[in-house]
Amino acid sequence: MGVPEDEREQDIENLFEEIMTENFPHLVKEMDLQVQEAWRTPNKRNPKRTTPRHIIIKMPRAKDKERILKAARERNSVTYKGIPIRLSADFSTETLQARREWQEIFKVMNAKNLQPRLLYPAKLSFRIEGQIKSSTDKEKLKEFITTKPGLYEMLKGIL
């Protein structure tokens, strides 16, 4: 995410190889970088927007993808020609559906300034009383909010 749109003339596979060489030269030497498919996401909302579209790269070996993502997490900052970009894991349809199920709760918590976050794959995290709490499913969250009357009142219609 974040690779400038003006890089269209360049083949996306080569673009990926450049990013890898710039940020992870040791990995490029160790592994044979193979790309099964690569494409930019379609611009559904506003074709005139200035922010870059995401690039999706499908790799034939999951272990390679995991090594790249692990190296990106360790490095904290991935760049392309000096511009910060972000590498993230793909989300399966099951993961996307699980994340969608948290959306109503997320919106209510966000409105009440509880600083909610959706962590990978589908875990809700939020700040309450100076502590960060997280929940992997709605049942566990329901159990927790019974001990917090204010939070219970906020979420009783949703859970």
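**Entry 1: a strand pair.** I began with L119 and found its bridge partner in β6, K123. I keep in mind that this is a predicted model. Strand β6 covers residues 123-128 and pairs with β5 in the antiparallel sense, over three bridges.

**Entry 2: the whole sheet.** Next I looked up the sheet around this pair. I found an open sheet of three strands, in the order β5-β6-β7 and with antiparallel pairing. β5 (117-119) and β7 (131-135) are the edge strands; each has a single partner strand, so one side of each lacks a neighbour in the sheet. On average, neighbouring strands here are turned by 30° against each other, direction ignored. I also noted helix α5 (residues 103-111), which packs on the sheet and touches β5 and β6. The direction of α5 makes about 15° with that of β6.

**Entry 3: S125.** Among the residues S125 touches are P116, L119 and I132.

**Entry 4: salt bridges.** I then turned to charged side chains and found five salt bridges in the structure. One joins E30 and R67, at 2.4 Å from N to O. E30 sits in helix α2 (residues 25-30) and R67 in helix α3 (residues 62-75), so this pair ties together parts 37 residues apart in sequence. E30 is exposed at 54% relative accessibility, while R67 is partly exposed at 35%.

My next pair was D64 and R61, whose side chains meet at 2.8 Å, N to O. D64 is buried at 10%, and R61 is partly exposed at 34%.

Terms used
Residues are numbered from 1 along each chain as its sequence is written. This is a predicted model: local features need pLDDT of at least 70, side-chain atom pairs count only at pLDDT 80 or more; totals for chains, interfaces and linings use all residues. Side-chain values use heavy atoms; hydrogens and water are left out. Two strands pair if DSSP finds at least two bridges between them. Helices (H or I, at least four residues) and strands (E, at least two) are DSSP runs, numbered from the N terminus. Axes are lines fitted to C-alpha atoms, for helices over the stretch in contact, and angles run from 0 to 180 degrees between N-to-C directions. Contact means heavy atoms within 4.5 Å. A salt bridge is a side-chain nitrogen of Lys or Arg within 4 Å of a carboxyl oxygen of Asp or Glu. Buried means under 20% relative accessible area, exposed over 50%, partly exposed in between (1.4 Å probe, protein chains only). Lists of a residue's contacts leave out its neighbours within four places in sequence.
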